[in-house]
Amino acid sequence: MFSKAARSSRQWASALQTARQSPLRQQTPLQQQIRNLSIHEYRSAQLLDSYGIGVPKGNVAYNAKEAEQIASQIGGEDMVIKAQVLAGGRGKGHFDNGFKGGVRIVYSPREASILADQMIGHKLITKQTGERGRICNSVYIVERKFARREFYLAILMDRGSQSPVIVASSQGGMDIETVAKETPEAIITTKVDIHKGVTDDMASSIATQLGFSEGCISDAAKTIQKLYKIFMEKDATQIEINPLSETSDHKVLCMDAKLTFDDNAEFRQKEIFDWRDVTQEDADEVAAGESGLNFIKLDGDIGCLVNGAGLAMATMDIIKLNGGSPANFLDVGGGATPEAIKQAFDLITSDPKVTAIFVNIFGGIVRCDAIAKGLISVVESMNLRIPIIARLQGTNGEQAHKLINESGLKIFSIDDLQTAAEKSVQFSRVVKIARDIDVGVEFTLGI
């Protein structure tokens, strides 16, 4: 029984980890580019407050002067200043100017001003951001509250039961994956009937199991129900409160909140999606989204241009099987038009690591010969010097093959998927070696 509970807890922890990793740049996409909207902590706190959920008093500042004013308004001599960057591990991170810590305690408005000046306008580098870091455009200054007890609570969708689930733990303030690994019995999971919602009994039971004091159980239960209400009404994909605290003056407060929302709900959640901060996202991915392309940058060196997410995944897989590494996931969708191909090539070639491009298109809605003409036009106009391997299958595939071969360009038209992937990897290695020794390399069509 314990083994089953432990395994279940690890699964929830894994699901949470997947849900909280926004951007997806380090993951293989499943069916489409899913950019679940993440919002800054201060926005999350504002949303929670609008639903009557307890949060520490605070506000956002965009410069040192505003930080000093907000700290003065909060009053007292014990506050916390937090860099507003969409990444985990802010407290242990460092800025590109050498300043350490994206979450700091401050004891006066003047100190808040000094620290804000060190944070705003600089990139915060954490384990999650990598060396590139993410720009900090604002800081969130809040009163410092002391917790008697700290808990963990999250609401997310469970694909297995196709229903929301509440994941809670008595060990708040800690990384949930660590809790699942070391003390899985400390994690409580509760499935929610979407037709009934979180009932009074369910909410009270969760609050009691977590360990809230008797005087706070009612407030904690109401907080859980309000969080679920946000989850449903705002089309959230995840609400994570860590810690959910019982303070020394017996109040229930959400000390830190991470909220993400379903991209498909943008049409009915205009206010929420107006909070999107594109400075926290990869610029190429933002540009691709505006052009209707599904693009995710990866760490490899073989650019991929494919239509259809399933074919894109298969393309990346076969590149890996042949010893290569894809530089991106790029799905141009059903309309692989010349314009889409041009935009795709602009994105792929903007990455200096790319040493070869594999074009793998199934011509169904759009004919292969039309795609070939677009491909030839793009390669001519961009004067590309890296090898391009094209596999165009489907309607008018033979005509496409003939057009490419007669173009005189360094585009290698190959019908077999395995052969095309193999050649992509081989060409990539040759170009990489040539670059390493700083020599030029030319390819002929005799393959």
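Pro243 is located in strand S12. A cis peptide bond with omega of about 10° links Asn242 to Pro243. Strands are DSSP runs of E with at least two residues, helices are runs of H or I with at least four, and both are numbered from the N terminus. The model is predicted: local features need pLDDT of at least 70, side-chain atom pairs count only at pLDDT 80 or more, and totals for chains, interfaces and linings use all residues. Residues are numbered from 1 along each chain as its sequence is written, and side-chain values use heavy atoms, with hydrogens and water left out.

The chain contains 14 helices and 20 strands. Of its 447 residues, 50% are buried. Buried here means under 20% relative accessible area, exposed means over 50%, and partly exposed lies in between (1.4 Å probe, protein chains only). A contact requires heavy atoms within 4.5 Å. Among contacts between residues at least 6 apart in sequence, 70% connect residues at least 24 apart.

Strand S12 (residues 236-247) pairs with strand S9 (residues 147-158). The pairing is antiparallel and spans eight bridges. Two strands count as paired if DSSP finds at least two bridges between them. Leu156 has Gln238 of S12 as its bridge partner. S9 also runs antiparallel to strand S10 (residues 163-169), with seven bridges between them. Here Ala154 faces Val167 of S10.

S9 and S10 form a hairpin with four residues between the strands. Gln162 sits in the loop between S9 and S10. Its phi is positive, near 55°, although Gln162 is not a glycine. Gln162 has a relative accessible area of 67%, so this residue counts as exposed. His250 belongs to the loop between S12 and strand S13 (252-254). At a relative accessible area of 45%, His250 is partly exposed.

An open sheet is built from three strands in the order S4-S6-S7, with antiparallel pairing. Strand S4 (94-95) and strand S7 (134-135) are the edge strands; each has a single partner, so one side of each lacks a neighbour in the sheet. Strand S6 (residues 123-125) pairs with S7 over two bridges, in the antiparallel sense. Lys123 lies opposite Ile135 of S7.

Nonpolar side chains tend to be buried together in soluble globular proteins. A nonpolar core is defined as a set of buried Ala, Val, Leu, Ile, Met, Phe, Trp, Tyr and Cys residues joined through side-chain atoms within 4.5 Å. The largest such core holds 42 residues. Leu48, Leu153, Phe212, Leu259 and Phe261 touch the most other members. Helix H7 makes the biggest contribution to this core, eight residues. A second, separate core has 33 residues, among them Leu293, Leu305, Ala340 and Ile361.

Leu48 contacts Ile53, Val55, Leu227, Ile230, Ile241, Cys254, Ala257 and Leu259, leaving aside neighbours within four places in sequence. Thr223 is part of H7 (residues 217-233). Its relative accessibility is 7%, so Thr223 counts as buried. Not counting residues up to four places away in sequence, Thr223 touches Ile53, Leu244, Val252 and Cys254.

Two helix pairs were examined. Axes are lines fitted to C-alpha atoms, for helices over the stretch in contact, and angles between N-to-C directions run from 0 to 180 degrees. Angles under 35 degrees count as roughly parallel, over 145 as roughly antiparallel, 65 to 115 as roughly perpendicular, and the rest as oblique. A crossing is right-handed if the near helix is turned clockwise from the far one by less than a right angle, and left-handed if anticlockwise.

The axes of helix H11 (residues 338-349) and helix H12 (residues 368-382) come within 9 Å and cross at roughly 45°. H11 is therefore oblique to H12. Their crossing is right-handed. Contacting residues include Ile341 and Phe345 of H11, and Leu375 and Val378 of H12.

Helix H3 (residues 64-74) packs against helix H4 (residues 109-119) at about 150°, with the axes 8 Å apart. H3 is therefore roughly antiparallel to H4. This crossing of H3 and H4 is right-handed. Ala64, Ala67, Glu68, Ala71 and Ser72 of H3 meet Pro109, Arg110, Ala112, Ser113, Ala116 and Asp117 of H4.
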